Amino acid sequence: MVNTARIRNTIALRLGAGAALGALSQLSALALLAVSGYLISRAWQQPPILYLMWAVTSVRLFGISRGVLRYAERLVSHDAAFRGLERLRLAVWRKLVRLAPAGLPVWRSGDLQARLIDDVDGVGDRWLRGTLPAISAAIVAIAAVTLQFTLLPAAGIILAASLGAAALLAPALAAWSSRLAMRTTAAARADLTHGVQSCLHGREELVATGTDTVALERVLHTDAQLRAAHARIAWTAGLGQGAGLLAMAVAVLGALATGIPALGAGTLDGVLLAVITLVPLAAFEPVLALPAAVQQAGIAKDCGRRLVEITETAEPRPDPVEPLEVEPNPAGGPPYIEIKRLAVTWPGSPAPALKGLDLTIQPGERVGITGPSGSGKSTLAAALMGFLPYEGNLRFGGVELSELDGDTIRQTVGLCSQNAHIFDTTLAENLRLARPGAPETELARALRWAGLRDWLDALDRANANGTGLDTLLGEHGRAVSGGERGRIALARCLLADREVLILDEPDAHLDAATAERVLRTTAAALEGKTAIIITHRPLPAGVVDRVISLDPPPVPAPRDAPNSSTVDIAPAV
Ligand SMILES: Nc1ncnc2c1ncn2[C@@H]1O[C@H](COP(=O)(O)OP(=O)(O)OP(=O)(O)O)[C@@H](O)[C@H]1O
């Protein structure tokens, strides 16, 4: 669960130091203007220079301290905010990992990216641009009103009233008129990210089908909406600023209007007229930032709401409160796998994708799984990886899988999925995801197992400045063919060296001869491990010990068909 309040509490000390430094910097600015006003007026009276020395020194002191304190405030508050952002982003990421792959499809990838980047930043900006300026403004306003009231009570009352108006009315005006615009920005930002991502990833298909202009126009339309929303926000921020400046003008004119008669009445020293006129300028400086701070708080609230949508999404397979450990196989090697009347349903799906499966896999056994599309082969793999909840029994070494922590399961079971991701980095780094720090000899051996020996040799020859392992594979593995991509993922899975390996169509995108060669070298690498090989093709002799076939998926029942849930898909074992 991502708790922004808890994250804020952990950085509260640093944020507090930032707020204190910010307030001291603003107080220095206030003191600078007040003492400057005094110095100018007093100097005009040409007193002996010694009478002015304290004021001259103070002006220097406050001039320097204002800048130094401001710099320190920036350092401390940004350090705090970045620490908070790091924790927040990590917490959201961890939650996403727990939701993937079964719990994520409700969000488009662009929307998720916008939430993970922009919304987390938006929440963090609340501390920097919302909370801290508000604290500084409050402290400086109290100090300025106290000073003004001490010098001339009437001017102090006018300053208090105009500051109050600026602090309450201007931000309220800005918040009210921009609320609607702010609500639209987060959604428009997510739409824009999604649109740009779709155009970039599907650019070849869009150009080939002549729909690139339409897709681009859609992105431009979203961009225009976002710009319009930002323009409305800027306009309302300007409105708030304008109201604040008006209140400041009232405070300055009010100081003059009360100060000049007070001079005549002898209740105000002449040199202090400049002071009471300049104090409002310094007092208003932080207060003028309040409309923007309030807007930022609104944006942060909206961003926080979008993050909470992620954090409050139920995990498809929550980890048990007190997880058990996988019972070690007394004979050594992989655990015994026992599946009884297994039923697996994807989140949000009305019917199980797999139902009534009975299967026992001995340690070290290699089982082939076939069946028509949609019969639940990949669903079985997802359940075995601990990604999905299930009914029935699914036991590893006698321990029910639902009693195990997801990470523990995945320390035992490895999956080479149909759509494994290739990262935009070198071949070596793509492989080392499975085993960080693995030496090059092991990477090359895994590639040989996956049937990529000749390909690696060719890369070695082509790569003048290094080895073939240094070859960059491009975004989503664009620089490699579909078949090579699948085998790189296979090599990665073999390198991970789990006791139980699930290979989901390792022969996809390969011609029959290459597929047979790859399956044979892979089978050699699987010696001593339990393996489940999902395939649509007949497996070459000797690759697996036995093959089971899942029954076809049920034909969707008509809406008004009675007892549709009684359809049973029993696997043919
Ligand atoms: N990520 C998912 N979210 C929701 N439902 C899913 C998901 N993946 C698969 N399903 C559903 O589960 C059913 C079984 O799909 P599955 O991918 O397990 O079949 P398969 O036998 O592996 O098919 P294929 O051979 O085409 O890969 C499908 O009808 C599909 O609707």
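**Exercise 1.** Determine the handedness with which helix α7 passes helix α8, and state how the two helices are oriented to each other.

*Solution.* In this predicted model, local features need pLDDT of at least 70, side-chain atom pairs count only at pLDDT 80 or more, and totals for chains, interfaces and linings use all residues. Residues are numbered from 1 along each chain as its sequence is written.

Step 1. The crossing of α7 and α8 is right-handed (the near helix is turned clockwise from the far one by less than a right angle).

Step 2. The axes of α7 (residues 212-265) and α8 come within 9 Å and cross at roughly 165°; axes are lines fitted to C-alpha atoms over the stretch in contact, and angles run from 0 to 180 degrees between N-to-C directions.

Step 3. The two helices are therefore roughly antiparallel (angles over 145 degrees).

**Exercise 2.** Find how α2 packs on α8.

*Solution.* Step 1. The axes of α2 and α8 (residues 272-287) are 8 Å apart, at an angle of about 160°.

Step 1. That makes α2 roughly antiparallel to α8.

Step 2. α2 and α8 also cross in a right-handed sense.

Definitions and conventions:
Helix = DSSP H or I, 4+ residues; strand = E, 2+ residues; numbered from the N terminus. Parallel < 35°, antiparallel > 145°, perpendicular 65-115°, else oblique.
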